[in-house]
Amino acid sequence: MALVIYYVLFGITVLFALGVLFNRNTVRSAICLVGVMAALAVNYLIMRQEFVAFIQIVVYTGAIMVLFLFVIMLLNLREPEVMPWYLRKARFWGGALSLVFFFTLALAVQVWTVSGVTPGAIENEAFIKESGTPEVILLSTLMITKYVAPFILTSILLLVAVIGAIVMAKRYDEDGQEIISEEEVS
Amino acid sequence: MANVLLILPELTIFLAAILVFKCLILGLSVLHVWRVAFAGSLLGLGACLITLGMTGEPFHPGIYRVDLFSQLMKTVIAAALVLVLVLSDSPPVMRRDAWRELPFFLLLSSAGLMMMTSATELITLYLALELSAFPVYALIVLHRDRRMGSEGATKYMLQGMVASAVTLYGMSFIFGLSGTTYLSEIAAALPELGSQPLFWVGLLLLLAGFLFKLALFPFHFWAPDTYFSSPHPVATFIATVSKVAAIAVLCRMVAVAGWNEASIDGETLRIVLIVLAVAAMTLGNLAALVQKDFKRLLGYSAIAHAGYIVVALQAFSSLGHTAIVFYTIGYLAMTWICFMVACEVGRNRDTVPVSALAGLWQRSPMLALCLLIGIFGLTGLPPTVGFIGKWFLFSAALEDGQFLLVLIAALNSAVAVYYYMRVLRVAYLLEPAKEDTGILAPSPLVVTGAMVACLVVLWMGVAPNYFWEIAAEAIVALGATY
């Protein structure tokens, strides 16, 4: 039963993801992305990760997607232009290559014999029951023990991204130079 | 406390970056900011040397490994960072307002690269990869010619993003199969994993991000374009420092997957690597033949050199790995010399066509001599490290019985002689163009850096045993882990 729900949910997630890709209208794509994020949150819920699911909804569906929509609406949206011939060709070859890639992967998955795979949900539930600690504590413990290096690195990465964005977005005068005083340069 | 000592190099570089950031906020002048960054990078190099003999794990076991291999690679990265910073003192090809940010981003990117060499956990590895890439994306945009900068950055960033997405995709396969992101646990499960094709597909996808940094064949498109359109010091950084970390990660991943007796299917990985190496060498060398821009030419030569390195990587042997580490050190010095000349000649130029080198021996005999040594090294002529390094690389493949591959590689090196010598011909035999006859006078610091780099190139070429022994010890340390 749990597996059926799983596959239905995965199907919905993939459908939304395809919607992001194939919608010509940018706003609709963004809305589909909201759907992907929400479906992922439900996936987390099924895996008994209530906290992560909650964060997923608040941060991604709530904050980030709203920002996305803001940016899209602020930009001047025009109808997509007719693609030049070389891009259409690129589309064909890209599609063909993706198909080849897909079949390679499918072959690899097919040869790989599925055995002894337990869905994450069952493992997680057993783990949580066994340890008897709230999920948030488990999560935070993992973050400062097993995954401490990624945790630190993420914070630095975000800092870099923010500073990089600011440096790139500085304002300039007509010559493309920001006006700075001479003594600052020397 | 001992743990803090283990991550001293990364810590020093991070602290230097934060200090530089503070200086930026305080509005110090370009020169002061640069001095702080330079001092920080020197301290970082010192910290690397201090930790050179240490072994241990500063964080949770299995996540981050400090051993001779990682520390040697970090030392090389730190030394290269110092050399790049020497060239980054207010370069006119960058926007004036970005001069002060340049050292900050270089420091942060190097810290990411250093963490890449030590990371033994997939998520850490991925985040370090991104940390090393983000600052460089931002730096390319800061070219004084906005269109050129945007073009180069867009090309580099889009392809870099795709490559790292592919890496993440590969990691998801490996995680799905093994249920762990720790390399040690993956290595332990290898006898079982190795028989599953999906694992090898995953591993290849994972390697994509690092092959991208190395500019190997199917991921090479960015190299010539990015070298061409990024500011010269930034191009130097991409061409030297970031290659070292990519090579370190490739060595580590291959050591995990390929050295293991249990991995029978490692042969498939080897075949793929051979095909990529042949394609990269051939394409890089043939395309370089017709290049008119010096930096673009170096870009194609980098693709060819990535091929040479993979020739030794596919041997799956400690000999091959030692040859790679040895060659990496020499390659870094040679490439830096060539880019240093490009930086000096192109001080006020957005691009450095080969013709701009005309009459270099009249304009600056020192630069001309450096160019000679660097180009001889890249060509692979004795007495430089280029010759002996290639010798080691190819003999590792020969040891493995790959005669055909080595023959192709040797033929490729012969083709390469033509375009390298063309550069020297322009620099030594032609008269300088009318508009640039001025004497070029590099700053004393640049001269010192050039002397050190030339010395390394010649020293490693004449007496390789010292460096070879260190490289061999480092590889023993790497092999002992898995």
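User: In which helix of chain B does S164(B) lie, and is S164(B) buried or exposed?

Analyst: This is a predicted model. S164(B) belongs to helix α7 of chain B. Its relative accessible area is 4%, and buried means under 20%. S164(B) of helix α7 is therefore buried.

User: Which residues is S164(B) in contact with, leaving aside its neighbours within four places in sequence?

Analyst: S164(B) is a buried residue. With its neighbours within four places in sequence set aside, the residues in contact with S164(B) are Y126(B), L129(B) and E130(B).

User: What is the N to O distance in the salt bridge of K155(B) and E151(B), and how many residues apart are K155(B) and E151(B) in their helix?

Analyst: Both K155(B) and E151(B) are placed in helix α7, residues 146–178 of chain B. Their side chains meet in a salt bridge with an N to O distance of 2.7 Å. The separation of K155(B) and E151(B) along the helix, about one turn, is four residues.

User: Are K155(B) and E151(B) buried, partly exposed or exposed?

Analyst: K155(B) has a relative accessible area of 28%, and E151(B) has one of 43%.

User: Which residues are linked with E151(B) and K155(B) in a network of salt bridges?

Analyst: The side chains of K155(B) and E151(B) meet in a salt bridge. The network that links E151(B) and K155(B) also holds D225(B) and R296(B).

User: Which partner in the salt bridge of E344(B) with R347(B) is buried, and which is partly exposed?

Analyst: The closest N and O atoms of E344(B) and R347(B) are 4.0 Å apart. The relative accessibility of E344(B) is 7%, whereas R347(B) has a relative accessible area of 34%.

User: Which peptide bond is cis, with omega near 5°, and where is P383(B) placed?

Analyst: The cis peptide bond, with omega near 5°, runs from P382(B) to P383(B). P383(B) is in chain B, in the loop between α17 (365–379) and α18 (385–399).

User: What is the phi of A215(B), and what is the phi of F316(B)?

Analyst: A215(B) is in the loop between α10 (197–214) and α11 (222–229) of chain B, and is buried at 0% relative accessible area. F316(B) is in the loop between α14 (294–313) and α15 (318–345) of chain B, and counts as buried at 12% relative accessibility. Neither residue is a glycine, yet phi is positive in both: about 65° for A215(B) and near 55° for F316(B).

User: At what angle do helices α3 and α4 of chain B pack, and are α3(B) and α4(B) parallel or antiparallel to each other?

Analyst: Helix α3 (residues 30–50) and helix α4 (residues 68–87) of chain B have axes 9 Å apart. The angle at which the two helices pack is about 160°, and angles over 145 degrees count as roughly antiparallel. The pair α3(B) and α4(B) is therefore roughly antiparallel.

User: What is the handedness of the crossing of α3(B) and α4(B), and how do the contact residues divide by class?

Analyst: α3(B) passes α4(B) in a left-handed crossing. The contact residues include W34(B), F38(B) and L45(B) in α3(B), and among those in α4(B) are A78(B), V82(B) and L85(B). By class, the contact of α3(B) with α4(B) has 13 nonpolar, three polar and one charged residue.

User: How do the residues in the contact of α15(B) with α18(B) divide by class?

Analyst: The axes of α15(B) and α18(B) come within 9 Å and cross at roughly 160°, and the two helices are therefore roughly antiparallel. Their crossing is left-handed. The contact includes F326(B), Y327(B) and M334(B) from α15(B), with I388(B), F392(B) and L393(B) among the residues of α18(B). The classes in this contact are eleven nonpolar, four polar and two charged residues.

Methods: Residues numbered from 1 in each chain as written. Chains lettered and ligands numbered in written order. Predicted model: local features only at pLDDT ≥ 70, side-chain atom pairs only at ≥ 80, totals over all residues. Heavy atoms only, no water. Buried < 20%, exposed > 50% of the residue type's maximum accessible area, 1.4 Å probe, protein only. Contact = heavy atoms within 4.5 Å. Axes fitted to C-alpha atoms, helices over the stretch in contact; angles between N-to-C directions. Parallel < 35°, antiparallel > 145°, perpendicular 65-115°, else oblique. Left-handed = near helix turned anticlockwise from the far one by under 90°. Nonpolar A, V, L, I, M, F, W, Y, C, P; charged D, E, K, R; others polar.
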